[in-house]
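Here is a short report for a reader meeting this structure for the first time. Take a look at the fold, then read on.

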Amino acid sequence: GGGSTQDGIGVYNDMKVGIGTGTTAIGDEKLLVNGNVGVTGSLFVSSSITTENSIITSEILNNSGTLKVSQSVSDADIEISVNDGGTTKRALTIDGSDAGSFILGNNLRMGDNQKIRLGTSNDFNLYHDGSNSYIHNDGTGDIIIENLNDDKDIVLKTDDGSGGRTAYLTLDGSTSRVTIPSDSIKLAIGAGADLKAYHDGTNSY
C-alpha cells in the first residue's frame with residue numbers, strides 16, 4: 001500500500017520497507033534492500049533469506065575470523081541445492097542425525113593430484129596424477145581389503161589385450177580358494193617369467 005519515502009527509504013502501510021533508490025517492497029518480502037547490507041551484530045530472521053542478482057554473483061563474505069554455518073535444531077540437516085537445467089537438485093547434505101556425515105547428491109569430482117586423505121594423520125590417500133591412479137598407505141599398519149558378504153568374492157580385473165576386461169585373480173569366498181578363473185592365463189614366476197603354469201581349457205602345463 002501507500003506510505004512515505006525519504007532519502008531512499010520507503011515505508012509502506014502494509015508493514016513493508018524498501019531501502020535504496022527506486023526500491024519498492026511489493027512482493028511477499030517485508031524488507032527489500034537494493035545494495036549492500038552491513039551487520040555488526042546478530043541478524044535474526046524468522047523466515048527465508050533470498051538473494052536476487054541478475055548481474056553479478058551473490059556471495060557470503062567474511063573478512064576476519066572464522067565463518068561458521070550452524071544448525072541448532074536437534075538431528076536436523078544442512079542442505080545445499082543447485083539448479084540443474086531448471087530442476088532443483090540437492091547437491092550436499094550434512095546429516096545432523098548421523099554425527100554430521102556428508103551425503104553427496106552426485107559424484108565427487110577432483111582434479112589431478114588432489115587427494116582424498118583419510119585418518120587423523122592423513123595416513124591413507126587416494127588420488128590420480130594425470131597418468132596413473134594411486135592407493136597409498138603413508139602411515140602405519142596394513143592395507144586390508146575385506147568382503148563381508150557371505151560366499152562372495154574379491155575379483156581383480158584388467159585389460160585382456162583386446163580392449164575388453166577379464167578377471168585375472170579371484171579370491172573365491174564360496175570355496176575358500178585363490179583362483180585364476182580364465183583359461184590360458186599364465187602364472188609366471190621369476191624376474192624373467194622363467195616358470196609358467198597355466199591351463200588351456202583341455203590340458204595343464
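## Overall picture

The accessible surface of the protein comes to about 17100 Å². Carbon and sulfur atoms hold 48% of that area. This is a predicted model.

The protein has 15 strands and 0 helices. It counts 205 residues, and 8% of them are buried. Now take the contacts with a separation of 6 or more: residues 24 or more positions apart account for 0% of them.

An open sheet runs in the order 11-12-13, with antiparallel pairing across its 3 strands. Strand 11 and strand 13 are the edges. Each has a single partner strand, so one side of each lacks a neighbour in the sheet. From one strand to the next, the twist averages 15°.

Strands of a sheet pair through backbone hydrogen bonds, in a parallel or antiparallel way. Strand 11 covers residues 154–159 and pairs with strand 12 in the antiparallel sense, over 6 bridges. Aspartate 159 stands opposite arginine 165, which belongs to strand 12. The hairpin of these two strands has 5 residues between them. In that hairpin, glycine 161 takes a positive phi near 90°.

## Threonine 170

Threonine 170 lies in strand 12, which spans residues 165–172. Is threonine 170 buried or exposed? Its relative accessibility is 7%, and the cut-off for buried is under 20%, so threonine 170 counts as buried.

What does threonine 170 touch, leaving aside its neighbours within four places in sequence? Its contacts are Asp153, Ile154, Val155, Arg177, Val178, Thr179 and Pro181. Among them, Ile154 and Val155 fall within strand 11, residues 154–159. Arg177, Val178 and Thr179 fall within strand 13, residues 177–179.

Strand 6 covers residues 87–95. It pairs with strand 7 in the antiparallel sense, over 4 bridges. Isoleucine 94 stands opposite phenylalanine 102 in strand 7.

This hairpin has 5 residues between its strands. Here alanine 99 takes a positive phi, near 55°.

## A nonpolar patch

Which residues make the nonpolar surface patch of about 420 Å²? They are Leu104, Leu108, Met110, Ile116 and Leu118.

Methionine 110 sits in the loop between strand 7 (101–104) and strand 8 (116–118). At 36% relative accessibility, this methionine 110 is partly exposed, because the value lies between the cut-offs of 20% and 50%.

## Positive phi in two loops

Most residues other than glycine have a negative phi. Asparagine 113 has a positive phi of about 70°, although it is not a glycine. Asparagine 113 is placed in the loop between strand 7 and strand 8. Asparagine 113 has a relative accessible area of 47%, so it counts as partly exposed.

Serine 184 is a residue other than glycine with a positive phi, near 75°. Where is serine 184 placed? It lies in the loop between strand 13 (177–179) and strand 14 (187–189). Its relative accessible area is 45%, so serine 184 is partly exposed.

Methods: Residues are numbered from 1 along each chain as its sequence is written. This is a predicted model: local features need pLDDT of at least 70, side-chain atom pairs count only at pLDDT 80 or more; totals for chains, interfaces and linings use all residues. Side-chain values use heavy atoms; hydrogens and water are left out. Buried means under 20% relative accessible area, exposed over 50%, partly exposed in between (1.4 Å probe, protein chains only). Contact means heavy atoms within 4.5 Å. Two strands pair if DSSP finds at least two bridges between them. Patches are made of residues with over 30% relative accessible area and no salt bridge: like charges are joined within 9 Å, nonpolar side chains (Val, Leu, Ile, Met, Phe, Trp, Tyr) within 5 Å. Accessible areas come from the Shrake-Rupley method with a 1.4 Å probe; for residues, only the protein chains shown count as cover. A salt bridge is a side-chain nitrogen of Lys or Arg within 4 Å of a carboxyl oxygen of Asp or Glu. Axes are lines fitted to C-alpha atoms, for helices over the stretch in contact, and angles run from 0 to 180 degrees between N-to-C directions.
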